[in-house]
Amino acid sequence: MNHFDWKQLLNPEFYILLQIGGIKIGLYVVLFIVFAETGLLAGFFLPGDSLLFLCGIYSESLMKEISTGNGFINVTLLAALITIMGILGNMVGYWVGVKSGSYLYKKEDTFFYKKKYLLQSKDFFDKYGSKAIVFARFLPIVRTFAPVIAGIVEMDKKKFMIYNILGSILWSFSMIFAGHYLYELFLTQFHIDLKHYIEIIVIGIILITTVPVIMKLIKKRK
């Protein structure tokens, strides 16, 4: 039995390849994480974008138990399942905003909740309006609180659902298909197995998705 290291919790590959008693549960863990990012307001430490990209790379393994026998259909089904969980998570986040918006502004910080992230997301929402629901999907932390802000400001439910569905589809399909087809491209054309460079890929995605947020915060402070 391998020794467990808490650092593994920050590694998307850990969740994807997770097994209990020899039973692969990676797919179910991934679906829960996508839901938890917005539905449980736990997105500030979960590996969202890199997780989806790696899901594309490991799509064959993730879908093995429910494989249709067709690679394209399997990847599409995987992206669809994650899209559904993203939509449901945002719906819960919206409901939380409607029901307890004022409470969240007064709530003390905990490990799972940071009020500064709520305020930063509010600034983002004020800047982009309803479109923030779509844009936020591609930004760590912001995507966790954007649906909550939408609920707090009582954004029209129908408009919210349109942007919620659109954002979830764009996010899930783009990240998963990118991972899947880039993996195949590098493997067949350059004989490079991206599974051997997971750490570099994860770090690269984190930098790409978080640098814009960090630059925005630095600019705001100046």
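Two residues are taken to be in contact when heavy atoms lie within 4.5 Å of each other. On that basis, residues 24 or more positions apart account for 72% of the contacts in the protein chain with a separation of 6 or more. The structure is a predicted model, in which local features need pLDDT of at least 70 and side-chain atom pairs count only at pLDDT 80 or more, while totals for chains, interfaces and linings use all residues. Residues are numbered from 1 along each chain as its sequence is written, and side-chain values use heavy atoms, with hydrogens and water left out.

The protein chain holds 10 helices and 2 strands, taken as DSSP runs numbered from the N terminus (helices: H or I, at least four residues; strands: E, at least two). Along the sequence these elements follow the pattern α-β-β-α-α-α-α-α-α-α-α-α. Of the 222 residues, 44% count as buried; here buried means under 20% relative accessible area, exposed over 50%, and partly exposed in between (1.4 Å probe, protein chains only). The protein chain exposes about 12400 Å², of which carbon and sulfur atoms supply 67%. Such areas come from the Shrake-Rupley method with a 1.4 Å probe, and for residues only the protein chains shown count as cover.

A nonpolar core is a set of buried Ala, Val, Leu, Ile, Met, Phe, Trp, Tyr and Cys residues joined through side-chain atoms within 4.5 Å. The largest one has 33 residues, among which I16, C55, L78, I82 and I176 touch the most other members. At least two residues of this core come from each of α1 (12-16), α2 (26-39), α3 (48-57), α5 (71-106), α9 (157-189) and α10 (198-221). With its neighbours within four places in sequence left aside, I16 is in contact with G26, V30, L51, L54, C55, Y58 and L62. A second, separate core of 22 residues includes L41, I133, A146 and F160.

Rings of Phe, Tyr and Trp (its six-membered ring) are paired if their centres lie within 6.5 Å; planes under 30 degrees apart count as stacked, over 60 as edge-to-face and the rest as tilted. This rule gives 8 aromatic pairs. One of them joins F186 and F190 in a tilted arrangement, with 5.5 Å from centre to centre and 55° between the planes. F186 is partly exposed, at a relative accessible area of 28%. Elsewhere, ring pairs link F72, F173, F177 and Y181 into a cluster.

Charged side chains come next. A salt bridge is counted when a side-chain nitrogen of Lys or Arg is within 4 Å of a carboxyl oxygen of Asp or Glu, and the whole structure contains 3 of them. R143 pairs with E37, their closest N and O atoms being 3.0 Å apart. Because R143 lies in helix α8 (residues 142-152) and E37 in helix α2, this bridge ties together parts that are 106 residues apart in sequence. R143 also forms a salt bridge with D49 (3.3 Å, N to O). This second link again spans distant parts of the chain, from helix α8 to D49 in helix α3, 94 residues apart. E37 and R143 are both buried, and D49 is buried too. Together, E37, D49 and R143 are linked in a network of salt bridges.

The remaining bridge joins D126 and K122 (3.0 Å, N to O). These two residues are 4 residues apart in helix α6 (residues 115-128), so about one helical turn separates them. D126 is partly exposed at 48% relative accessibility, and K122 is partly exposed at 23%.

On the surface, I203, L207, V211 and M215 form a nonpolar patch with about 370 Å² of accessible area together. Patches are built from residues with over 30% relative accessible area and no salt bridge, like charges being joined within 9 Å and nonpolar side chains (Val, Leu, Ile, Met, Phe, Trp, Tyr) within 5 Å. L207 lies in helix α10 and counts as partly exposed, at 48% relative accessibility.

I141, in the loop between α7 (132-135) and α8, has a phi near 75°, a positive value in a residue other than glycine. E154, in the loop between α8 and α9, likewise has a positive phi, of about 55°, although it is not a glycine. E154 is exposed, with a relative accessible area of 65%.
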